[in-house]
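Dear colleague,

I am handing over the structure below, and after it you will find my notes on what it contains. Please read them with the structure open beside you.

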Amino acid sequence: MMDSRGRSPSMQFPSHDHRRPDSQIFLWLLLGAIAISIAVLNLALDGNVGATLGLVLIVAFIAISVFRPSISLYVLIFLALAVEQMTQDYSWTGRFPYYSNLSNIFPSLTGLAINPIELHLLCIIVGLTIRFIIKRENFVRVIAWKQLLAYITAIIFFILYGLLRGGEFLISLWETRAIIYLVLLMVIVPQILRTQDQVRHMIWMIIAGLGFRAIEVTTHYVGAGFSLQGSGNGWGNHEDSGILATLVVFALAMLLYKVDRKQRVVLMILVPLMMVSIIASDRRTAYAVMGGNLLLFWVIQGPVIQRKIFSYAWKAGIVFALYLGAFWNTNSDNIFLAPAKAIREGFAGDDKAAASASYTSNLYRQVENYDLQRMITERPLLGTGYGGKIDYYMPVPVEWDLGFYITHNQILSVLAKTGVVGFTIFIFFYLSVASEIGFGFKNAVNNHYMQAVLVLVAAGMINHLIFSFFDIILIYYRNNVYLGVLFGLASTILDLQRKQSEDVPPSPISGRPNKEAQHWLLLQPPEKAVIG
Amino acid sequence: MIFIVYILSILYTVVYRASRPKAAAPPSKRRIALFACALSLLMLGQSYYLVRTPPSVDYYGVGWQGFIRYLNARFAANGVPNRIPENPQ
């Protein structure tokens, strides 16, 4: 049947002109109610426009988190990476208390030990739960979920065990709070991000967050005349250098596979800034992380690419060895000589002259390690549990009160606090994740972008395990949020691979419609029109 | 440093085995659990070995001397840690 303009019903498009009047009335009523609510809120806040706007934005943000958790998740990872956990006087984000407890932000809220990132996570969880109830979506399998379950159970057990042995609950919370972020994000991310496009968007947010950090740290360093003066203990946060090193390896992978030109170009622009930031952070561990990540990058490739990489790597290795040999005794803070100095100081051990400025830094790590090892030998099977003080058999120059509970070497600390039993479960979890990443990498042979993302995931894990050996990274919020999101992305990728292998046409790997099915050659021919 | 060697060699084994083109399946849970047990025992053995030789620490001779003296005084005042060495000076 044709309408008055000669169009068939299927050719008619909905337009605003044809909107039903009752829906328009509902919209106007809703807008009116919102306007009245804002006005009432403003009156209740004594006409303070800033406070009103702030509260309205918070409510809007909660609404977005609940109704579009994916957008909220992108914002979460950007903020987690861009905002510092331990702020410095010069920090650009020092006034943004994303990681501070509400009781610190609002002194009137005494004892409210919850921070904005936890509220943010809570909103996402509510949104996800609503989506599961309404849409009845399937639960995406989380990588190494049985081992993850064992890991969580072990953490809960060792908190209780520590409490039974006289530990404090608040301390045990400090020790495990960030690990809970990792676990939550590892489970939540694959439930929200289910397509390759969403994985790509998440990578954009990671690049944006870390790019912001690289720009900030480089600006401080250049502003100080390429020196560390005024930085305290290196520009930026301790964990920045390790996290940035993972993105450098990701950039290498993107270069190797020649995928996603836009991300590649942005990464190539950011890589020099990231390298400068790593040097400016003055962290010796960053070089160990970089070395470990480059080794993993080589190991994970197929034999042909391995040989190709090796053909370049041995030449680069000789040049680097010559550089180290030439500048081994340097004490200069010059940007080109700083890596040689940092590496020497890392190897210097208790050689005072060689370690120079880092002597004290090396010293308290050695003493801490000795104390931890004594603890391990005293209680080898189950350790001391979480929440207890470190047994200082030798005195350590500790700069902060938490030093009585938390040591720099977090890996030994796991062994000291949870014994051989807890440590085995801890390693079992990480190795299981590693093996799934490796297998996913092998299966993604036809999708190089996914391979590059899996390299980033593996690099994130290497950073976590190596950095934790020297510094307090295992319990840092930013690192755990980052690693939780990366593990979540790995689950998404492996799930997409599983669906592809099962050959399920309705859920293509991309969020966009299947291009192959839309190809003009494959379209069904139109029905012949019979004229006359 | 020995831990890094362990971790990297095991990651190499696990990731390498899983990511080879010929790999039909990732390494089994039992094999990974065995790796984890072996690493735990190696770490434990290393602790027993290293704990016999405490580090030789010159608390007052180098580096942030005043800082360390201050901290030691603080420790002594608080009664933690357990033992404070005598200042040789």
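Chain B averages a pLDDT of 70, and 57% of its residues score at least 70, pLDDT being the predictor's confidence in each residue, from 0 to 100. This is a predicted model, in which local features need pLDDT of at least 70 and side-chain atom pairs count only at pLDDT 80 or more, while totals for chains, interfaces and linings use all residues. Residues are numbered from 1 along each chain as its sequence is written, and chains are lettered from A and ligands numbered from 1 in the order in which they are written. The model scores ipTM 0.78 and pTM 0.83.

Among the elements of chain B, helix 2 has the highest mean pLDDT (88), whereas helix 3 (residues 65–78) has the lowest (57); helices here are DSSP runs of H or I, at least four residues, and strands runs of E, at least two, numbered from the N terminus. Over residues 79–85 of chain B, pLDDT stays under 50, and the model has 13 contacts beyond four places in sequence for them, a contact meaning that the C-beta atoms of two residues, placed from the backbone, lie within 7 Å. Where pLDDT is low, the predicted coordinates should not be read in detail.

Leaving aside residues up to four places away in sequence, Ile32(B) touches Phe428(A), Leu431(A), Ser432(A), Ser435(A), Val14(B) and Pro27(B).

Turning to chain A, there are 19 helices and zero strands, and buried residues make up 42% of its 532 residues. The axes of helix 5 (residues 116–135) of chain A and helix 7 (residues 169–192) of chain A come within 11 Å and cross at roughly 45°, the axes being lines fitted to C-alpha atoms over the stretch in contact, with angles from 0 to 180 degrees between N-to-C directions. Helix 5 of chain A and helix 7 of chain A are therefore oblique to each other (under 35 degrees is roughly parallel, over 145 roughly antiparallel, 65 to 115 roughly perpendicular and the rest oblique). The contact is made by Leu121(A), Ile124(A), Ile125(A) and Leu128(A) of helix 5 of chain A with Leu184(A), Ile188(A), Gln191(A) and Ile192(A) of helix 7 of chain A.

With best regards

Technical notes:
Buried ≥ 20, exposed ≤ 12 C-beta atoms within 10 Å, placed from the backbone.
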